[in-house]
Amino acid sequence: MSSPVITAEILDSVSKVASIMEKYKIGGLPVLDEGKQLCGIITSRDVRNTHHNRIVADAMSKDVVHVSKNTSLWDVKSILEEKKLERLPVLDDCKLVGIITKTDILVEIGRHTDPLTGLMTGSYIRYLAENILNDRNELTVIFFDLNGFGLINKSHGHVYGDRCLKIVGQIFAENTSGGLYFPGRYAGDEFIVVTTENKDDAGLWANEIIKKIANITKKKGMPVSIAAGVAGGRRKNARAQTHLSATVDDLINSASLASTLSKQHCVPVTFSN
């Protein structure tokens, strides 16, 4: 977010606000009342549609959508998209402390997109998993690890290896568009997928993906195989809403260990106990 915030006073003239917007090249200003509390927001469109002799109170929008300074990046993005807004004031205990724009969000989210595969990063998938738990949904974590990828890099070079990872990432992206499975690149040659499906359905899906990766990479002349581990997805009772981060960490770790067992036993998928 941007801080400190350039603001307008509720009794300022619209012409004054227009001058501020022109000077700082900004399209909207939070409006403060006489007690320095947020009471509205005025945009360049409001300014254009109001006579400049009027005061800000006549032109501003009074129903201000705002977020707290602790609101997650992803929740801010959702609010901006849902409300079709360009900016949101940020409050800390009712005090205006900043403003965040759609551009700020896009730049920050770009940092959570893996540049090689185009998938989201592991940190985003972790955030998504916590939200799934927070919404009291089932959560299954599937951890994928390419077999012998270090040897592929050593035998064919890292450029070849990167091409393999791009193909695998594309296969994940093309097979997770239904809104049930959310893929990310965890690290190196490891991929992670979270879903609200139960473990059995997730295991079947993982098996199908593994087959597709083997077939498609073979057709492209870059054959690779991948092993998977599955954890979670068998909740019988409501899960306590505390320690969500620790729960997600446990599931990721369990799925990772299960994928190692898959490699050791030469099987496509292993379920964590």
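Because the model is predicted, local features need pLDDT of at least 70 and side-chain atom pairs count only at pLDDT 80 or more, while totals for chains, interfaces and linings use all residues. Residues are numbered from 1 along each chain as its sequence is written, and side-chain values use heavy atoms, with hydrogens and water left out. Helices (H or I, at least four residues) and strands (E, at least two) are DSSP runs numbered from the N terminus.

- Strands β4, β5 and β6 make an open sheet of three strands in the order β4-β5-β6, with mixed pairing; two strands pair if DSSP finds at least two bridges between them.
- The edges are held by β4 (67-68) and β6 (95-101), and each has a single partner strand, so one side of each lacks a neighbour in the sheet.
- Strand β5 (residues 87-92) runs antiparallel to β6, and six bridges join the two.
- Helix α4 (residues 73-83) packs on this sheet and touches β4, β5 and β6, where a contact means heavy atoms within 4.5 Å.
- The direction of α4 makes about 135° with that of β5; axes are lines fitted to C-alpha atoms, for helices over the stretch in contact, and angles run from 0 to 180 degrees between N-to-C directions.

**The sheet of β1, β2 and β3**

- Here too three strands form an open sheet with mixed pairing, in the order β1-β2-β3.
- Five bridges connect strand β2 (residues 28-32) with β3, and the two run antiparallel.
- Within that pair, P30 stands opposite I41 of β3.
- Helix α1 lies across β1, β2 and β3 and runs at about 135° to β2.

**What the UniProt record lists**

- An unreviewed UniProt entry lists "domain: CBS" for residues 1-59 and 60-116; positions are given in the numbering used here, feature names are shortened, and annotations may be inferred rather than shown by experiment.
- Residues 1-59 are 34% helix and 22% strand, with their end C-alpha atoms 25 Å apart.
- Residues 60-116 are 35% helix and 26% strand, and their end C-alpha atoms lie 44 Å apart.

- D12 is found in the loop between β1 (8-9) and α1 (14-24).
- With a relative accessible area of 12%, D12 is buried; buried means under 20%, exposed over 50%, and partly exposed in between (1.4 Å probe, protein chains only).
- The D12 side chain reaches the backbone nitrogen of E9 at 2.8 Å.
- Apart from neighbours within four places in sequence, D12 is in contact with V17, R54, I55 and V56.

**Strand β8, enclosed by the rest**

- Seven of the seven residues of β8 (residues 140-146) are buried, so this strand is largely enclosed by the rest of the structure.
- T140, I142, F144 and L146 point one way from β8, while V141, F143 and D145 point the other way, and all are buried.
- β8 pairs antiparallel with strand β10 (residues 190-195) over six bridges, and F143 stands opposite I192 of β10.
- Seven bridges join β8 to strand β11 (residues 226-232), again antiparallel, and V141 faces A231 of β11.

**Helices α6 and α10**

- Helix α6 (residues 122-134) packs with helix α10 (residues 244-265) at an angle of about 120°, their axes being 9 Å apart.
- On the α6 side the contact is made by R126, A129, E130, L133 and N134, and on the α10 side by L244, S245, T247, V248, D249 and I252.

**Backbone details worth a look**

- The peptide bond from S3 to P4 is cis, with omega near 0°, and P4 belongs to the segment before β1.
- R136, in the loop between α6 and β8, is a residue other than glycine with a positive phi, near 60°.
- C266 is not a glycine either, yet its phi is positive at about 55°; C266 lies in the loop between α10 and β12 (269-271).
- With 73% relative accessibility, C266 counts as exposed.

Technical notes
Polar contact = N/O pair within 3.5 Å; in protein donor to acceptor, adjacent residues only side chain to side chain.
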